[in-house]
Amino acid sequence: MAWWKSLIVIVALPLTLVVTQLAFYLLAGLVEGRDPFAQDLSPLKLLGANLSTGVTALLALVLVGRFAEVPWRFVFSAPRRFDRRRLLVSFLGSLAVVGVSFALVGLTAAEAVGWTTLSITSTTVGILVVVILSTPIQAAGEEIIFRGAVLPAAGSWFRSVKPAFLTGLIISSLMFAFLHGSTDPMLFAYYLVFSVATAVMGLITRGLEAAIAFHTANNLVVTTINALFAGGGVVAVERSEGAAGGLALLIPAAASLAALTMVWLQERRRRTA
């Protein structure tokens with residue numbers, strides 16, 4: 001891509017994500033009669049956040065396809081085609097890794113991450129329905145945006161592979177962490193580790209299947225647990241300094257690295273075969 005086309009991709013996608021999310025939040029607030037900017041997630045706010053990511057991901061596919069003059073499927077994998085079996089295998093493995101990690105969080109630091117009592121109300125059911133139906137869209141959308149579009153767009157400023165990948169990795173990971181709106185250093189660092197792990201998964205596999213699978217498994221487990229242990233109400237979003245889990249975040253960070261190791265071993269077995 002020409003440098004200015006890359007710049008449009010890098011600027012337009014996060015801007016679109018923020019604007020569409022705010023629009024969906026305002027709409028959810030009008031429908032529910034609640035403060036749309038409260039630090040929590042109701043069923044409609046969660047749905048709005050997930051759909052805004054999906055809309056932005058569609059824009060990412062269009063921009064990369066037009067500006068780079070490649071088929072839109074290249075965002076998902078190149079030069080090989082998208083592999084559904086790889087997606088399924090990675091998802092099942094990631095589900096096991098994430099499940100174990102958050103079981104450890106529950107046993108060692110449930111209060112630190114804001115989990116209270118197990119309760120199921122109509123609000124809980126509404127959130128769980130939204131989680132099942134739209135979280136895969138949100139997780140896949142973030143991988144398309146940050147690892148499938150922003151990373152290669154920033155990397156296109158260089159001809160050599162290593163500086164291209166490192167530049168794309170730094171810009172996309174910082175953008176991913178900043179857009180999650182955390183002022184807590186530990187949570188910000190966790191988002192960086194998560195982003196780097198999924199980006200390297202893409203590099204190892206030459207596709208987004210493993211990254212999408214891990215991201216989906218992670219968000220399904222996290223949001224489901226948060227909904228079940230929210231005391232029957234909406235899910236609180238604590239991203240301020242000192243309120244995001246502290247050292248307990250080392251466990252899901254380790255899970256990101258464990259999932260990356262799992263993907264690397266799977267790819268090594270495939271290449272050996």
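User: What is the volume of the second largest pocket?

Analyst: The second largest pocket has a volume of about 860 Å³. A pocket is an open set of points on a 1 Å grid over the protein atoms alone, where a 1.4 Å probe fits, with protein on both sides within 12 Å along at least five of seven lines. This is a predicted model, in which local features need pLDDT of at least 70 and side-chain atom pairs pLDDT 80 or more, while totals for linings use all residues. Residues are numbered from 1 along each chain, and side-chain values use heavy atoms, without hydrogens or water.

User: Which residues lie nearest its centre?

Analyst: F74, R147, G148, L151 and P152, out of 28 lining residues; a lining residue has an atom within 4 Å of a point.

User: Which helix gives the most to that lining?

Analyst: Helix α4 does, with six residues. Helices are DSSP runs (H or I) of at least four residues, numbered from the N terminus. Among the others supplying at least two residues is α6 (185-205).

User: On to α6: what caps its N-terminal end?

Analyst: D184 does, with a side-chain oxygen 3.1 Å from the backbone nitrogen of M186. After α6 comes R206, whose phi is positive, near 60 degrees.

User: At what angle do α6 and α7 pack?

Analyst: At about 145 degrees, with their axes 8 Å apart; axes are lines fitted to C-alpha atoms over the stretch in contact, and angles run from 0 to 180 degrees between N-to-C directions. The contact (heavy atoms within 4.5 Å) includes Y190 and F194 of α6 and F214 and H215 of α7.

Methods:
Grid points are joined across faces, edges and corners, and a volume is the space filled by probe spheres set on the points. A polar contact is a pair of N or O atoms within 3.5 Å; within protein, one must be able to donate a hydrogen and the other to accept it, and residues adjacent in sequence count only if both atoms are side-chain atoms.
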